[in-house]
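Here's a quick briefing to read alongside the model. Have the sequence and the 3D view open as you go.

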Amino acid sequence: MAVIYSDYSRARIGWFFGLSGWQLAIVSLTFLPIAWSMRSGAWISALLFLLLWTVILLITITPVRGRSATGWATASLAFAAGGLLGWTRFRSKAALGRADDLDEPDLPGILQGIKIHDGPPNGAMFARTAMVQDHRSRTWAVTASVVHPGIGLKELDERQRQGAGLSDLLDLAARTELIDEILLLVRTVPEDGAERDQWVTRHRRGEATAAREINDELQSNLTQASVRTEAFVTFVVPEGRIAKEAKESGGGLDGRARVMYSLASEVEAQLRGGMGMTTVNWLTSPELALVCRTGFAPGDRAGIVDALESRTSDPDVNADIPWAMAGPSGADPVARHYSHDAWNSISSTIKLPVKGAAMGALAPVLTPTAPGERRSFMVAYPILTQSAAERQSATSEWAADIGEEMRNRAKVKQRTKSRDEADKVRRLDQKLARGNSLTRPYAVVTVTVPKTARVSEYGRRLDASVRRAGFAPLRLDLAQDVAFSSSTVPLGISLTRKAN
């Protein structure tokens, strides 16, 4: 029998009948004119203020697709202003003929503050691991390409061990007091058959036979129905945490690289051990640029593979992707999808079900429904510090106790949902006392298709896959560009970290 994971709760619990502090303040202050009018006997004014108060109450309390009406109004105005002023429209410098420095990243939107550094030589192969510096959020990140055998054929005990391995990885990150977020990203990319074509070219004989024709037909049909899986792990360290450690390690970029290398070795040990990864390869700058380019343009991979093959026989062939061309030539965010080069993408977040979920339940989300469709999935684990976790746990437990007592005093029956949330909050304090870490996980899934296809239809198919997996999808309207960057390009982009 599969283990169901359901021991999670809301980040904040409203203590006054489910209302948070700022919601209660707005509702109370806007009710004062009604009380004043009733005290003065101005019943017509009181009725008008009551109608206005009802509208404010609905705007403040009622959520609409994950946001309040105030949040939707603010986001809509910001999106419209950015579009009218041309801030959201992106055209690369290479497309305009103004790319002076090929090593300078030229990426759209939230990725514009990214800078890539080559770390010092490390390991037996003297590889220079790429360090991603985000000037916007003042963070450092390192990305690894990983290979996992999957859990489809694993026994229940092995699945539980790997689930415990993920928990141990988060606890390890919390104990370092440096890592504040771990990102797991998986891409199911349509198979282009580039490697097989090269193998056939090297080994095929000249004469044509019936077996050769049958083999070519099988290759053509199977390639269209096949996908490749790419998985990446990224950990993020804020500048405010690494600065002191880097100073003790020599300071500057080399000092930060030594700290990041040390953290990478700890993370790699846990990935290979507890989580059962068979391969962990920390990406260099050219490898990361290739991953970034194929994230924006999945169809470019076949040409890059051919160039890499040609370089083995001709060293003068340049098969590397310069960072000035690692992004799209043009990108335009739309309210309900993201347009980049010859592709369109739609992103949604996934709401955790109340009844819980089993390990491996998200497999249908990564399964394409048509040839040429690319699915990407990112799970983020922002890790709270011990002091912040204890403070949040104490606040949530206090809010749960106050809310329960107020319902008892008002003789309002407590619903099962509220009682379950209060119980989970109390269990959270017990887990923190035993040394576990606190995280606020979230997930974003993205589908990418050519512009010749109807992206809205594939968006509905994506939502259907999420529902079939037992979850509820929530389209990230007005933020499709940020959602795409975080769920498809492994550069340490987070939806929870604010710009500095």
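Why does Leu50 count as partly exposed? Leu50 has 35% relative accessibility, so it counts as partly exposed (buried is under 20% relative accessible area, exposed over 50%, partly exposed in between, with a 1.4 Å probe and protein chains only). Before going further, note that this is a predicted model, where local features need pLDDT of at least 70, side-chain atom pairs count only at pLDDT 80 or more, and totals for chains, interfaces and linings use all residues. Residues are numbered from 1 along each chain as its sequence is written, and side-chain values use heavy atoms, with hydrogens and water left out.

- Leu50 sits in helix H2, residues 43–61 (helices are DSSP runs of H or I with at least four residues, strands are E runs with at least two, and both are numbered from the N terminus).
- Together with Ile44, Leu47, Leu48 and Leu51, Leu50 makes up a nonpolar surface patch with about 520 Å² of accessible area.
- Patch members are residues with over 30% relative accessible area and no salt bridge; nonpolar side chains (Val, Leu, Ile, Met, Phe, Trp, Tyr) are joined within 5 Å, like charges within 9 Å. Accessible areas come from the Shrake-Rupley method with a 1.4 Å probe, and for residues only the protein chains shown count as cover.
- Over in helix H1 (residues 21–40) you'll find Pro33, which is partly exposed at 30% relative accessible area.
- Pro33 and Trp53 are 20 residues apart along the chain, and their C-alpha atoms are separated by 9.2 Å.

**Helix packing**

- H5 (residues 156–176) packs with H9 (residues 252–273) at an angle of about 165°, their axes 9 Å apart. That makes the two helices, H5 and H9, roughly antiparallel.
- For the angle, axes are lines fitted to C-alpha atoms, for helices over the stretch in contact, and values run from 0 to 180 degrees between N-to-C directions. Under 35 degrees is roughly parallel, over 145 roughly antiparallel, 65 to 115 roughly perpendicular, and the rest oblique.

**Salt bridges**

- The whole structure has 16 salt bridges, each a side-chain nitrogen of Lys or Arg within 4 Å of a carboxyl oxygen of Asp or Glu.
- One of them joins Asp332 and Arg91 at 3.4 Å, N to O. This pair links distant parts of the chain, with Asp332 in strand E11 (residues 330–333) and Arg91 in strand E4 (residues 90–91), 241 residues apart.
- Asp332 is partly exposed at 24%, and Arg91 is partly exposed at 31%. Both belong to a salt-bridge network that also takes in Arg89.
- Glu230 and Arg187 pair up at 2.8 Å, N to O. Glu230 is in strand E9 (residues 227–238) and Arg187 in strand E8 (residues 181–190), so the bridge ties together parts 43 residues apart in sequence.
- Glu230 is buried at 17% relative accessible area, and Arg187 is buried at 1%.
- Glu373 and Arg375 meet at 2.7 Å, N to O, and both residues are buried.

**Positive phi**

- Glu177, not a glycine, has a positive phi of about 60°. Glu177 lies in the loop between H5 and E8 and is exposed at 63%.
- Leu478, also not a glycine, has a positive phi of about 70°. Leu478 is in the loop between strand E17 (472–475) and helix H15 (480–488), and is buried at 19%.
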